[in-house]
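Student: I've just opened a new structure and I'd like to learn how to read it. Can you walk me through?

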Amino acid sequence: MSDIVKIGLIQARHEVDGNEPVSVHKEKSIEKHIQLVRDAAEKGAQIICLQEIFYGPYFCAEQNAKWYDSAEEIPEGPTTTQFQALARELGVVIILPIYEREGIATYYNTAAVIDADGSYLGKYRKQHIPHVKVGDEGCGFWEKYYFKPGNLGYPVFDTAFAKVGVYICYDRHFPEGARLLGLKGAEIVFNPSATVAGLSEYLWKLEQPAHAVANGYYLGAINRVGTEGPWNMGEFYGQSYLVDPRGSFVATGSRDEEEVIIGEMNKKMIREVRDLWQFYRDRRPETYGEMTSLLP
């Protein structure tokens, strides 16, 4: 297996108004992202990650039961199945963030991981769920209305090209899970997001490079672009990027353009960094017990 792996990060604009039916959102978005995945593969990407709940708007701006209808089972649902066939056709790994329904009416913010032969490797469910007002119009990140906290831990997936971990959006503010993914052997962690200017932008290129350095892996951060109606609660500021284990930006997207960002990860650098900075060797887990018992 080569030390060099090409990574594709997809940042896109969602142009269908939120008042349209769920079916219209999914149809238009899936059609667009299939082409973007094809574009990434044509540019040589071997592992491709889409943005958070890619097949619709960031509907958590409001609290509306309409959006429950956009959830699907994983892997039995039609979107996972469709992208399994696409991954198999193109020979690429796909990280597919969608809205998951389990059973009758239990919902998670989830990413399915599909290997280059189209096989379903498993899923990660977002662990940390925000509930935060944004602006003065009643909009916000009202995610507790839509999602239960994840219950599958912090899995690492052994794909055809690299060992992959997933964190989703708000998770990135919590270093504990980022460390667990490294301890489990992740060579690259993807964080598909939907986040707006005025709230989180000052942290966007600070926290995740720090995770990459502290844990000796690559990190791919993905954010959508544009504004989404009817809420218009803020600008999704793009700037998706791949950062290496030294904290250097390998590739960065624009602030406002729909695009595929391509960058190379080098597994040899991961080994070199971990040999130099022995954070895993020198950690003292026997002294950290208070972290799980202290109240805020």
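Predicted model: local features only at pLDDT ≥ 70, side-chain atom pairs only at ≥ 80, totals over all residues.

Student: Okay. Which residues does the "domain: CN hydrolase" annotation cover?

Tutor: According to the unreviewed UniProt entry, that annotation covers residues 12-267. Over this stretch the chain is 22% helix and 28% strand, and its end C-alpha atoms lie 28 Å apart.

Student: And how many helices and strands are there in the protein?

Tutor: You'll find 7 helices and 16 strands.

Student: Now, how do I read a pair of packed helices?

Tutor: Two packed helices are described by the angle between their axes and the distance between the axes. Here, take helix α3 (residues 175-183) and helix α5 (residues 207-215): their axes come within 10 Å and cross at roughly 40°. Because of that angle, α3 is oblique to α5. The crossing of α3 past α5 is right-handed.

Student: Which residues make the contact?

Tutor: From α3 it's P175, A178 and R179, and from α5 it's H211, A214 and N215. Sorted by class, the contact of α3 with α5 has 3 nonpolar, 2 polar and 1 charged residues.

Note on methods. Residues numbered from 1 in each chain as written. Heavy atoms only, no water. Axes fitted to C-alpha atoms, helices over the stretch in contact; angles between N-to-C directions. Helix = DSSP H or I, 4+ residues; strand = E, 2+ residues; numbered from the N terminus. Parallel < 35°, antiparallel > 145°, perpendicular 65-115°, else oblique. Left-handed = near helix turned anticlockwise from the far one by under 90°. Contact = heavy atoms within 4.5 Å. Nonpolar A, V, L, I, M, F, W, Y, C, P; charged D, E, K, R; others polar. UniProt positions renumbered as here; feature names shortened; annotations may be inferred.
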